[in-house]
Amino acid sequence: MSESTKAKKRNRIQIWLDNYKQMNQKDKRRAISSLLLNNAMYIIILIAVIVIAIQEPKYVSVRSLVNIINLTAAKLPIALGIGGCIVLTGTDISAGRMVGLAAVIIASMSITDNRIFPGLEPLPIIVPLLAAMAVCALIGFINGFSVAKFKLHPFIVTLATQLITYGIILIYLKLGTNNGQTLSGFDPTYRNIINGTMFTIGGAIVPFYVLYAIVLVVLMWVIWNKTTFGKNMFAVGSNEEAATVSGVNVSRTIIMVFVLAAIMYSLTGFIDGARIASVNANTGFNYECDAIAACVIGGVSFVGGTGRISGIVIGVLLLQIIFTGLSYMAVDQNYIYVIKGIIILVACAIDMRKYLTKK
Amino acid sequence: MEPNQAKSNALGAAVGQKNTTVHDEVWKKAHPVVLEMKNITKAFPGVKALDGVSLNVRAGSVHALMGENGAGKSTLMKCLFGVYSKDDGTILFDGKEINFKNSKEALENGVAMVHQELNQALKRNVMDNIWLGRYPTRHGIVSEKEMYEGTKAVFDKLEIDVNPKTVMSTMPVAERQMVEIAKAVSFNSKVIVFDEPTSSLTEEEVEHLFKIINMLRDNNVAIIYISHKMDEILRISDEITVMRDGQWVATEVVEDMDMNKIIKLMVGRELTNRFPPKDNKVEKEVSLEVEGLSGLYSHLRDVTFNAHKGEILGVAGLDGAGRTELLETIFGYATRKDGTIKLHGKEVKINNPRQAVKNGFALLTEERRATGIFGILDIRNNTTIANLKNYTKMGILSDVQMKADTEWSINAMRIKTPNQQTKISTLSGGNQQKVILGRWLLTQPEILLLDEPTRGIDVGAKYEIYELISDLAKQGKTIMMVSSEMPELLGVCNRILVMSGGRLAGEVDADNTSQEEIMTLAAKYV
């Protein structure tokens, strides 16, 4: 069975072509147009890359490509987390604020001139990291618990926790004598752990956080594909009632998805603080938008019960390729928002098309 | 308090009132046929749902439509209202041929239906619902006054005592049903279909409903009355049509019918060789004891029975008799109010499906789509989902084992599929059912609860499912099987529990009973 499966995978293009050859003219046209539509996102991105590369040849230089990979790595953890929420047919709009909260917590314990806790020397980095993970996990638990037990829609729940988290960030930044100011001047250990040079390619630096992102991708792949929890997550996302009947602990699964997601957000905050080297109340703001868009582009559908880690990686990468390209073209940030919005809309529409029952 | 009193006073006159009309030729002449359905035929892929059915309904009469579940009553009505388009046959209304495209068109032409499940805008008030889709307007502004008065007028005519401004969701089902009837009347309907109207009414409410129906009849409205309840039918109707297996069986005036005759007409089909030999051996050992089981949110009341190892125990009953609720309450999927469940003499704690699975129970649900399959997932995931903990080593799932078990299930259940990665939603209903059955067998259950295991499955696949059930019993498993198809219960089961109105009405030996006996028991508490 497994060999025939492999053979099938290898020949997917072959099979498509064989089928295509047997079709009549009308069906052929239909097959081509549906092939183009289903892959429209990739086609658009490909065209964009070509156009940008022609106008700005630097865009395809080694330095630029490494830069794209680095930024992809930085944005991966949050997308990996939010992907699980989408598999459950939910969403998580508190993600960005949780990134911010984690970054603020870690920064407050890792700056040399500490105004939040005056006199506090930078703590061993594991302490603030665990603290941030714990706080985010708690918020994630509140999210998951409310969704699972009160049967609230994740949108409503995370809208609420998003506000709560933002409030906490603002309050936290007012602690001590900080008075809401931006936190910077981090302990070199923290900065090196994240931003230190792992190796260089053609003069371009590949920092350590790329490695962390790779580790997280592998870890999440294992969790999604090789654990009971992962299988249960897909089952709950596909049919919650059937999962209940099958003896799956649905509530626990939902809560775990949100907690795991929150831990991913905290890791994003951990990376982003040192990467950007300064943290304020707006750190992480709107990160969930890019993450959700990346997931949808990568085939994690809001239909539920479907999606792959590889898809999320591709989604984040493709978005980064576009945005880096746009900045090479010196497109105004305001226009980039408009383009982002359009991309999300188109990606969702294309995705939904695959699941519609044709009448 | 006052409205209630007024209602019960009005009721007084109707209580006990019997239909004393003599339905002779004179009556027939005075009540000409207003709706004539001729040779209606409707086929679905693989099933002939209606096969040349005719129905003639007279003005100013109540025409009862009877038949087992799946006999084709609702299909016939759906053809009338344009929900389905008929393949063949004609419908004459007032002598003119009609082909309604939807129920709105039917309603506007004087043919209305009061559904068993009321489709109403519950958050809106009574008059909003009655005028929905045809709000009276003055210069583009909806006239609340007109709506109110129009509603009031109809209510007065029908002696319904409800404020038109009451919000629907605050009203009991009976009153909401009255609103539906009033809506039909406000369209000056000449034909009104009642689909199981009394299934959720109290006795007093039924009397009020009958009073209204009698009033409509006196106003020359033709009424089609679909119900399972014999005594009601015999009391209210003028003529009775019985259907079976999508075919017309008989139409008689009420004087020529009695309960036994109706039952015989309804179930009078022959048992053929549609079932494998019943050669499972029922062991002495009692495996499952259920005592005093009641549901908290369902009408399941005080059900006590036991089941043996190797036994196939059928559960019969009409729609809404509590069969599904019984299985779901045992399985912990529906909340239990009272009662104990013992497995091999020891009480087991089952508060949710998880605990049920742990204790060796399995439930094949009635709604395969809604609560059975994971449509978007492949066969392997669908097969292994209830048994994942057995494939886990140090927190990681073993693909090899999952593959092997899925392969076993595909072979053992004879599932027809290209491979394990095929999406379950692309399989036929019968194959999907086998996948779910295989899912449960992997958990090695002792008690299998099967709710309509062959619903929506073609005849060939049905036989295979029966064989699987029989094999499982031979392996010493205990099987409880709910079915609406009585021949299936008689052909497969050893013993049959008959449910009625949420209670256990009786228990019969499948080899020494008749469909008539089961039907009589099934009607015991309705």
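This is a predicted model: local features need pLDDT of at least 70, side-chain atom pairs count only at pLDDT 80 or more; totals for chains, interfaces and linings use all residues.
Visitor: Which residues touch the most other members of the largest nonpolar core?

Guide: A nonpolar core is a set of buried Ala, Val, Leu, Ile, Met, Phe, Trp, Tyr and Cys residues joined through side-chain atoms within 4.5 Å. Buried means under 20% relative accessible area (1.4 Å probe, protein chains only). The largest such core has 125 residues, and those touching the most other members are Phe361(B) and Met480(B).

Visitor: Which leucines numbered with Met480(B) among its contacts can you name?

Guide: Contact means heavy atoms within 4.5 Å. Neighbours within four places in sequence are left aside here. Among the leucines in contact with Met480(B) are Leu288(B), Leu313(B), Leu448(B) and Leu497(B).

Visitor: How many helices and strands are there in chain A?

Guide: Helices (H or I, at least four residues) and strands (E, at least two) are DSSP runs. For chain A, that gives 16 helices and 4 strands.

Visitor: Why is chain A said to be as compact as a globular protein of its length?

Guide: The radius of gyration is taken over C-alpha atoms, and the globule rule is 2.2 Å times the number of residues to the power 0.38. For 359 residues the rule gives 21 Å, so chain A counts as that compact with its close value of 22 Å.

Visitor: What share of chain A is buried?

Guide: Chain A has 359 residues, and the buried ones make up 48%.

Residues are numbered from 1 along each chain as written, and chains are lettered from A in the order written. Local features need pLDDT of at least 70, side-chain atom pairs 80 or more, while totals use all residues, and side-chain values use heavy atoms without hydrogens or water.

Key: Buried means under 20% relative accessible area, exposed over 50%, partly exposed in between (1.4 Å probe, protein chains only).
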